[in-house]
Protein chains: 2
Amino acid sequence: MSQTQARRRRGGGRAGAAARRGTATLEQMPWKPPTNIDRPVEPLTEEGIAAIHDGAMRILEEIGVQFLNDEALEIFKEAGVQVDGELVRMDRDFVMEMVGKTPSEFTLTPRNPDRAIRIGGNSMVFGNVSSPPNYWDMDLNKKVPGTREHCQNLLKLTQYFNCIHFAGGYPVEPVDLHASIRHLDVLYDKLTLTDKVMHAYSLGKERVEDVMEMVRIAGGLSHAEFDATPHMYTNINSTSPLKHDEPMIDGSLRLVRRGQPVIVSPFTLAGAMAPVTMAGAVAQSLAEALCAIALFQYVRPGTPCAIGTFTSNVDMKSGAPAFGTPEYMRATQMTGQMARFYGLPLRSSGVCAANVPDGQAMWETSNSLWAAVQSGTNMVYHAAGWLEGGLIASPEKFIMDCEVLQMIQRYMDPAVNATGPEEIALDAIREVGNDGHFFGIQHTQDRYATAFYQPFLSDWHNYEAWEAAGGTWTAERANGLFKQIINEFEAPALDEGIREELQAFVARRKEEGGAPTDF
Amino acid sequence: MSQTQARRRRGGGRAGAAARRGTATLEQMPWKPPTNIDRPVEPLTEEGIAAIHDGAMRILEEIGVQFLNDEALEIFKEAGVQVDGELVRMDRDFVMEMVGKTPSEFTLTPRNPDRAIRIGGNSMVFGNVSSPPNYWDMDLNKKVPGTREHCQNLLKLTQYFNCIHFAGGYPVEPVDLHASIRHLDVLYDKLTLTDKVMHAYSLGKERVEDVMEMVRIAGGLSHAEFDATPHMYTNINSTSPLKHDEPMIDGSLRLVRRGQPVIVSPFTLAGAMAPVTMAGAVAQSLAEALCAIALFQYVRPGTPCAIGTFTSNVDMKSGAPAFGTPEYMRATQMTGQMARFYGLPLRSSGVCAANVPDGQAMWETSNSLWAAVQSGTNMVYHAAGWLEGGLIASPEKFIMDCEVLQMIQRYMDPAVNATGPEEIALDAIREVGNDGHFFGIQHTQDRYATAFYQPFLSDWHNYEAWEAAGGTWTAERANGLFKQIINEFEAPALDEGIREELQAFVARRKEEGGAPTDF
């Protein structure tokens, strides 16, 4: 029995008790990342795929991408790629050869191996909102800068909900923590309050190395064990149009060299940082992502990577970003087709422009989450808690989104579509005939407990019962659940020795001054 | 120039002015029923389709459906179908032969021929909420019985929004009008406040005949002209399980004989009026619909019909109906596959269980509307305004739903997915290079006005601007728009002679006592 297994076994009782207590607060679905059984929606014809591919390749061949990272430039030179100053132009043969080395699927294993997640193929995993600088909840009823407590509470929701499969970046920026040591405190919180896969920001050598070390310690892993398989990941954005910045590439290379995955997600707002036409915005986004993935594959062939899409459009009246729009949905679906063309796992997001968790928030978020389904997205970032185009994290929105995510999980259960004799149920229909009802019959009794999706937040009472119970709108109900969950939250099991090792690491690195803040 | 054309031409100026005034209130998308360009989602395998078909056929062959309508029973006997009392059992050859006579597409032409709608193929049309007995708006903030004024206001929204293509049943039951004359007053309101396709309730001979006559008068049609092509329709529900009631079949037969379409929409709640298993509920729903369509095709081969799905599930805790659930989505998609198997146009709905226009309302409604898209639904009932499982109509919800419907209309615009050289936009990307932005370039300027979906209700401002403008949640903003639209509403053009003829008809029928109220 390995050390990890032993810890897990010891921890099982406590985690089990927490889960049981969790069940007391609300009945949620079990941990079971969905397998996407739907054929993707394909807005592009074969010619369309070829046209976007050719566009992306010509961007890389003829226009080029700036890499503001000396190490990357040296590597590209070594690879025989054309480098002029910071401008890198690579031909399509090189790009396709390198991108072709990317594994189509990989597994990320966090400190609790039961929470390992598969990225690629038909698997679909959901992560919490990442990186908003601000926080909003119904009690405050205003937008405030994020704090460590807000961040901790959102991490508790991340851990609590079985439909949240990984912890992305900070669910809110705790700006009350000095930037030099913020990553140490938040990673400590993440690693002690959750046992799910997590992420390192590529914001300078020290942060990346500290996070890898803390994830290694939390997993009870030797350096060799850490390097052997993916345990965490980073997500980088290009600086659109057509530029990769120093720290993003630096952090990625550090992870790549230790076998940890990189997700490359250009943020291409059509009409601002990308063409006003969606196919052009997608082509540019692909070019920006593929050249970085080509670099990583050259450095370490077969290193796990995924391509991210964050192509939306601006409001042409105000220049403000829009999310969950028809154009966003189609761009996500198009990118899905292209990701399959390149054989790459896909990341997209759950997003909205709404400022509060209201009707608009939910139709925009629903649009983006269904686009994730329709595009064959493997990894859904920001799947719970996002408001104001990513500038606000909200616990109510988090909980509301989890209801939608659970419905997607249930939607992907093949049992719903089963057509065996027991499901066609001719005998049951015969038994009830032309005058009865199905409530009381055995066929129903045998199945009623699991036949249908059971919501934890939706109120299916009629108006009178709903009104008698207080007449609360969805966001208010979510606020009540939020406080209940935080009150009852119990952290997942963690070996005390490991906790002390993490604490000692954080203390030592703080004494050393943490990380530079000149990013 | 026909009388109708002349009227339309004369009316054009006024209707045009109204449309322009409408534009002043909010910028909405033009009248353009979407063409569904997506391949449907298909949860059923070929074997699954065969199993559900076999189930439906065996229900009709072995169990049978009650027709509480003597005329139908006589017709079935004449057709050689097995009739035992009120129980009708028909073999699959008869069903398939009759159903096979149904046209796969047809056109419904209302009094304004510009508002003709195509039912079938890839066309998709949206109708207002139909038949809630109650009304809710934010000013009342309570559920009240519907009135004629509520009904008129919802009809004004039906007319105002270009994304609402047909007027279904009464958008709310005006219970302040006596049931004997309600249909006369509401039809007068419908025919004068809107110029879109409408519906007759199959609730007894008098109502059906009155509505057909009023639609004929409003269209300026001779009896022969009315009978020659579809101008209106009825929608009937079976009384599940496995029963068709007297007035529904009576009304349908009256329409069928005058060439007007019938939509048959069983209301099969899994676990209550249908098996707890979705495939069984779908099979039963199909059996109930197909036997009625077989009857109508026997009576008038080739008469336009459509199949409706209203298969959802109950909350097994309370027995309350649930809507917009994962099971609802899959049942709708399954029925779509079966409708294509039978060559029938499909009707589904925009539905939710929520009691107020909040987050839950919008994720449930979004789920059902995307299921309509995914199932290849042709006619979306209740697409705007529905709350509380159909027991409440709300103008705020109506307006919120219209934003989602407009997004679906835009989503189906092939321009979003175009991949020509101008859309790949390599020259624009080259022009901007690695440091510029796309706002100011010619490629953007040439397209900015139409490049993206423009919302009328969504607020895309950042939090601070949104807060400064009042910090209103979506439903409040919809309430404001509602009052603006009602204030500025101008009815569509109508020839004064026709208006007088309608008024005289209503007056005469009221003098005669209207319709019996013993239904």
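Copies of a chain are superposed here by least squares on the C-alpha atoms of residues with pLDDT of at least 70 in both. This criterion matters because the structure is a predicted model, and the comparison of its two chains rests on that superposition.

Two copies of a chain are related by a rotation about an axis and a shift along it. In this model, chain A is brought onto chain B by a rotation of 180°, with 0.0 Å of shift along the axis and an RMSD of 0.0 Å. The two copies are therefore related as by a two-fold rotation axis. Among the residues of chain A, the one that comes closest to the rotation axis is G359(A), whose C-alpha lies at 2.2 Å.

The contact between the chains draws 96 residues from chain A and 96 residues from chain B. On the side of chain A that touches chain B, helix α12 (residues 359–375) of chain A supplies the largest share, eight residues. By class, that side of chain A holds 56 nonpolar, 26 polar and 14 charged residues.

Within chain A, the domain assignment gives two parts. Domain 1 covers 3–39 + 100–414 + 501–509, and domain 2 covers 418–445. Between the C-alpha centres of these two domains of chain A there is a separation of 44 Å.

The sheets of chain A come next. Strands of a sheet pair through backbone hydrogen bonds, either parallel or antiparallel. An open sheet of seven strands in chain A has parallel pairing and the order β6-β18-β17-β14-β12-β10-β9. Its edges are formed by β6 (125–128) and β9 (198–200) of chain A; each has a single partner strand, so one side of each is left without a neighbour in the sheet. On average, and with direction ignored, neighbouring strands of this sheet are turned by 30° against each other. At one end of the order, β9(A) pairs with strand β10 (residues 232–236) of chain A in the parallel sense over three bridges. One of the residue pairs is that of M198(A) with its bridge partner M232(A) in β10(A).

A further open sheet of chain A has three strands in the order β13-β15-β16, and its pairing is mixed. Here β13 (269–270) and β16 (321–322) of chain A are the edge strands, each pairing on one side only. Strand β15 (residues 312–314) of chain A runs antiparallel to β16(A), and two bridges join them. V314(A) has P321(A) as its bridge partner in β16(A). Helix α11 (residues 326–342) of chain A packs on this sheet, where it touches β13 and β15 of chain A, and its direction makes about 150° with that of β15(A).

Helices also pack against one another. Two packed helices are described by the angle between their axes and the distance between the axes. For helix α4 (residues 92–99) and helix α10 (residues 278–299) of chain A, the axes come within 8 Å and cross at roughly 65°. The crossing of α4(A) and α10(A) is left-handed. From α4(A), the residues F94(A), V95(A), M98(A) and V99(A) meet L290(A), C291(A), I293(A), A294(A), Q297(A) and Y298(A) of α10(A). This contact of α4(A) with α10(A) comprises nine nonpolar residues, one polar residue and no charged residues.

Some backbone details complete the account. Most residues other than glycine have a negative phi, and most peptide bonds are trans. In chain A, a cis peptide bond joins S240(A) and P241(A), with omega of about 5°, and P241(A) is placed in the loop between β10 and β11 (243–244) of chain A. In chain B, S240(B) and P241(B) are likewise joined by a cis peptide bond with omega of about 5°, and P241(B) lies in the loop between β10 (232–236) and β11 (243–244) of chain B. S131(A) has a positive phi of about 80° although it is not a glycine; this residue, S131(A), belongs to the loop between β6 and β7 (134–136) of chain A.

Technical notes: Residues are numbered from 1 along each chain as its sequence is written. Chains are lettered from A and ligands numbered from 1 in the order in which they are written. This is a predicted model: local features need pLDDT of at least 70, side-chain atom pairs count only at pLDDT 80 or more; totals for chains, interfaces and linings use all residues. Two residues are in contact if their C-beta atoms, placed from the backbone, lie within 7 Å. Helices (H or I, at least four residues) and strands (E, at least two) are DSSP runs, numbered from the N terminus. Ala, Val, Leu, Ile, Met, Phe, Trp, Tyr, Cys and Pro count as nonpolar, Asp, Glu, Lys and Arg as charged, and the others, Gly among them, as polar. Axes are lines fitted to C-alpha atoms, for helices over the stretch in contact, and angles run from 0 to 180 degrees between N-to-C directions. A crossing is left-handed if the near helix is turned anticlockwise from the far one by less than a right angle, and right-handed if clockwise. Domain bounds come from an automatic or database domain assignment. Two strands pair if DSSP finds at least two bridges between them.
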